[in-house]
Structures are given as C-alpha cells and as structure tokens.
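Have the structure open as you read.

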Amino acid sequence: MEQKKNNHRLGHHYNVAGGTSKIILSFDFEHWYDSYFLRKYLDKSTIINQPDLIKESLSPILDLLKAKGISATFFITGKVAEKYPEIVKKIALDHEVAAHSYSHEVLYDREFEEYFEDIKRNKGILENIIGKKIFGFRAPCFSLNKQTLYLVKILEELGFKYDSSLVPAKVGPHGVNKASRLPFRLSRDNFFDDLGGKIIEFPLTTFCRMPISGGFYFRFIPYFIYKRLVRRQLIKENYFVFYGHPHEFFNFIPDVKAPRWKLKLKYWGIKNSFKKLEKFINDFEFINFQAYLHDKS
Ligand SMILES: [Zn+2]
C-alpha cells in the first residue's frame, strides 16, 4: 500500500512540481473524411470530388503559431504523412511530430496484432520523413478505455514515451469515469493510480464531465466562458491539454449526405473558429508535449 502511495506521488510529479501554467497545445491531423462521425456517410466519389483540406487548413495555423513563437505537438496519421511528406517536414521545423495511427481507425474496432502493425507503420513513416525518433501517440477519437488497454503494450513495445488519448470521464463510448485527471504512468490494468508503467499518460481536460480540451466544445462554448474555464483549470490543477484539428478552423463544410443535425454538430461554429483560436492563442501561453516532459523530468 505504501509502495502504491509513493508511486502515485511520483506520477503526479509531472504536473504539480514547478508548474508552468502553460497549456499543452496539440493538433490531430487526419483527413476530414477520416472522421469517425462522418465515415459511414461517405463514398469514394464524395471524397475524391472535394478538397482534402490538408494544405489549406494547416497554413493559417502554422502562420499563427510562428507569429507567436509557439511550438505545438502535431499527431499525424500515416495516411496524411504518406500523401504529404513535405508538409510533415515543414511541421517538424518548428513543432513536435507525433503519431495518430496509420488508418485513423478507433481502437474499439481492432485488436492487439492489427493495431500494433498500424501504429508501427505510422511511426515508421513519420520517422523516415523527419529523420528522427518520435515519442508521442494519440488514439483516434480518444478511443482508449477499459476495453482497449492493449494499447499500452503496443506503445511500450514500439518505444513510445507518452500517450494522450484518455478522457477522464465517460462520454459515449469514450473515456473512463474517475480516471486520473493529471499525468500519470499508465499501466496495463488501471487508469487510476500510478503503478509505475513506462508510458506517461496525459489525460484530456474535462469540466463537469465535459471534455473541454477542444474540438466541438471549444467551438460551442462562447469564448469568454471558455477562457474562464481554462483559467480556472490552470489555477486549480495547473494542467490543461488543448487539442484541435486543422480542418476545424477552416471555413469549409464538405458536401456529405449525412443527417443535418450531424453535420450541424460536426461543423458547429466553423465560420468563426479560426478567429476564436487566434484569441485563445493570444490569451495564454503554450508548450508542446515533449518540452513539457523535458521541463518536468
Ligand atoms: Zn483524429
């Protein structure tokens, strides 16, 4: 019991000791049509006949970050990297490149062997392009939960150092109730205590079970409220992970034959989302995962 207590403290060392009050800034970079939410409404011609938005959506974000001297973490799928190696190289000049699976399939739909190959492929492609090792992973749709803990073994075996896929609240199929809200060492059989595994987990940030780390919630919540929530969180726990997808900040809604309410949810606030991101970037300080880990160890 004493052992467990000590290890628990060790894990939380990552954020509590000498906190920076900086937000960990990340972008998940996959094709818009690899969205789990829309996938079942898409056919080949819908995808081929519309822009994939990779270059268009990324440029304004890179410019914005460059102007502020901010380095973020980009979790990039193998499919994007294979198609646009020069873009991955460009990102790597100023930012951390990390893995987001090759296929962008959710963990629930796969098993250990299949996903091992998928992540290995993703990691290999990214490392070949940028010419150095990568250490971070984020599961598509934050699909790490009690059923998909096989991910830990994959990450350990492939030499990753950290993961940021856990929502510490149950939201639909995602997340785990009462999981640790602060970084901890993820082990193969628990989400709650730091039992000294190899992989450091960076949970997403929630407020009253709402995953306010980004995505829909960033676009939906009025900015003056969002800003207050973030401030409150930084004061309370000295830890906040932000995530977004470049295509969420680019005002283009693809023509997809999905139910209207689904499209509305998916693209809520897209018209003003880049402006909102600009304000957010101006109002806070940011750091990427690798620099955060480096600062804390
Ligand atoms: Zn994703």
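## Strand β3

Start with β3, which is covered on both faces in this predicted model. Glu 96 and Ala 98 are buried on one side, while Val 97 and Ala 99 are buried on the other.

As for its partner, β3 runs parallel to β2, and four bridges join the two. Across that pairing, Phe 75 sits opposite Ala 98.

What does Val 97 touch, leaving aside residues up to four places away in sequence? Its contacts are Phe 74, Ile 76, Val 88, Ile 91, Ala 92, Leu 126, Ile 130 and Ile 134.

Val 97 is also among the residues with the most contacts inside the largest nonpolar core, a set of 68 residues.

## Helix α6

Now for α6, residues 112–130.

The buried residues here are Tyr 115, Asp 118, Ile 119, Asn 122, Lys 123, Ile 125, Leu 126 and Ile 129. They cover an arc of only 160° around the axis, so they lie on the same side of α6. Their cover includes β2, α4, α5, β3, β4 and α7. The face turned away from that buried side carries Phe 112, Glu 113 and Asn 128, which are exposed.

Just past the helix, Gly 131 adopts a positive phi of about 70°.

How values were computed
Residues numbered from 1 in each chain as written. Predicted model: local features only at pLDDT ≥ 70, side-chain atom pairs only at ≥ 80, totals over all residues. Expected span 1.5 Å × (residues − 1). Buried ≥ 20, exposed ≤ 12 C-beta atoms within 10 Å, placed from the backbone. Arc of directions from axis to C-beta. Contact = placed C-beta atoms within 7 Å. Pairing = 2+ DSSP bridges. Core = buried A, V, L, I, M, F, W, Y, C linked by C-beta atoms within 7 Å.
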